[in-house]
Amino acid sequence: MTLAIFDLDGTLLSGDSDYSWGQFLVEKGLVDTQVYQAANDKFFKQYQAGTLDIHEYLAFSLAPLKDFSAQELTQLHHDFMVEKVQPMMQQKAAELLKQHKEQGHFLLLITATNQFVTGPISEALGMDHIIAPVPEVIEGHYTGKVVGVPSFQAGKVTRLNAWLAETGHSMEGSYFYSDSRNDLPLLELVTHPVAVDADDTLSQIASERGWPHISLRD
């Protein structure tokens, strides 16, 4: 099956689920509001600039999960989906996913946002599989640590190659849609790289290399 690979934040979603989860925690008063807000803003700017230390960021973003039970987190994520994620979902993105599905393509989501946040989003989008940073869970409780290689920048290629070896899927004829300069390593690997509502750096590179640049914004 041909792989149709998608980034999530800023690509299939009109905003950033990772940043929005942090905002959600701040708005609900579940974290130290001023400290967490400032750090969330700082890391988001680093991501946009292509300078983010993913391990430092994951230590920050996964830490609050330790403070809640599995039941509490399920309810919080449900509310997060309704309040933050659903407004970021795009009709044109749904149509693009449908087009690939109708062609018999395998829909693969690869994101740098941790799997606690993105797993339910992937299901809501109808993806066939997700590759995301995996939060460590011991005896049913999140530890605040990450397991294995985070799927960020070159880490997306590392995680994808491991998945390909495990499943036997091929990169022949593959597509990858992304908005971010951070995804250049994977964009350069696929048969059909597509820039989507891209940042300035990726937009320029796409223009220089003749890659399609589309918009999914409604």
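Student: Leaving aside neighbours within four places in sequence, which residues is A93 in contact with?

Tutor: Contact here means heavy atoms within 4.5 Å. With neighbours within four places in sequence left out, A93 is in contact with L12 and L216. A quick word on the source: this is a predicted model, where local features need pLDDT of at least 70 and side-chain atom pairs count only at pLDDT 80 or more, while totals for chains, interfaces and linings use all residues. Residues are numbered from 1 along each chain as its sequence is written, and side-chain values use heavy atoms, with hydrogens and water left out.

Student: Where is A93 found, and is A93 buried or exposed?

Tutor: Helices (H or I, at least four residues) and strands (E, at least two) are DSSP runs, numbered from the N terminus. A93 is found in helix α6. For burial, the cut-offs are under 20% relative accessible area for buried, over 50% for exposed, and partly exposed in between, using a 1.4 Å probe and protein chains only. A93 has a relative accessible area of 1%, so it is buried.

Student: Now salt bridges. How many does a search of the whole structure find?

Tutor: The test is a side-chain nitrogen of Lys or Arg within 4 Å of a carboxyl oxygen of Asp or Glu. The search of the whole structure finds eight. Among them is the pair K156 and D7, with the closest N and O atoms 3.1 Å apart. This pair links distant parts of the chain, 149 residues apart: K156 is in helix α8 (residues 154-167), and D7 is in the loop between β1 and α1 (8-12).

Student: Why do K156 and D7 count as buried?

Tutor: K156 counts as buried because its relative accessibility is 2%. D7 counts as buried because its relative accessibility is 2% too.

Student: What about K156 and D183?

Tutor: Their side chains meet in a salt bridge, at 2.9 Å from N to O. K156 lies in helix α8 and D183 in the loop between β6 and α9 (184-187), so the pair ties together parts that are 27 residues apart in sequence. D183 is buried, with a relative accessible area of 3%. Salt bridges that share partners join D7, K156 and D183 into one network.

Student: Which residue forms a salt bridge with K101?

Tutor: That's D128, with the closest N and O atoms 2.5 Å apart.

Tutor: Two strands pair if DSSP finds at least two bridges between them. Strands β1 (residues 3-6) and β6 (residues 175-178) run parallel and are joined by three bridges. In β6, Y175 is the bridge partner of A4. Four bridges join β6 to strand β7 (residues 192-196), and these strands run parallel. Y177 stands opposite V194 in β7.

Student: And what is the volume of the largest cavity?

Tutor: Picture a 1 Å grid over the protein atoms alone: a cavity is a set of points where a 1.4 Å probe fits but cannot get out, whereas a pocket is an open set with protein on both sides within 12 Å along at least five of seven lines. Lining residues have an atom within 4 Å of a point. Grid points are joined across faces, edges and corners, and a volume is the space filled by probe spheres set on the points. The structure holds one cavity of 30 Å³ or more, and the largest cavity has a volume of about 210 Å³. It is lined by 19 residues, with D16, D18, Y47, L52 and T113 the closest to its centre.

Student: Which element supplies the largest share of the lining of that largest cavity?

Tutor: α3 does, with four residues. Helices α2 (17-27), α3 (33-49) and α4 (54-62) each supply at least two. For classes, Ala, Val, Leu, Ile, Met, Phe, Trp, Tyr, Cys and Pro count as nonpolar, Asp, Glu, Lys and Arg as charged, and the others, Gly among them, as polar. The lining of the largest cavity has nine nonpolar, four polar and six charged residues.

Student: Which residues lie nearest the centre of the largest pocket?

Tutor: G10, F44, Y47, Q48 and D179, out of the 13 residues that line the largest pocket. About 250 Å³ of space lies in this pocket. Its lining divides into two nonpolar, five polar and six charged residues, and the largest share, three residues, comes from α3.
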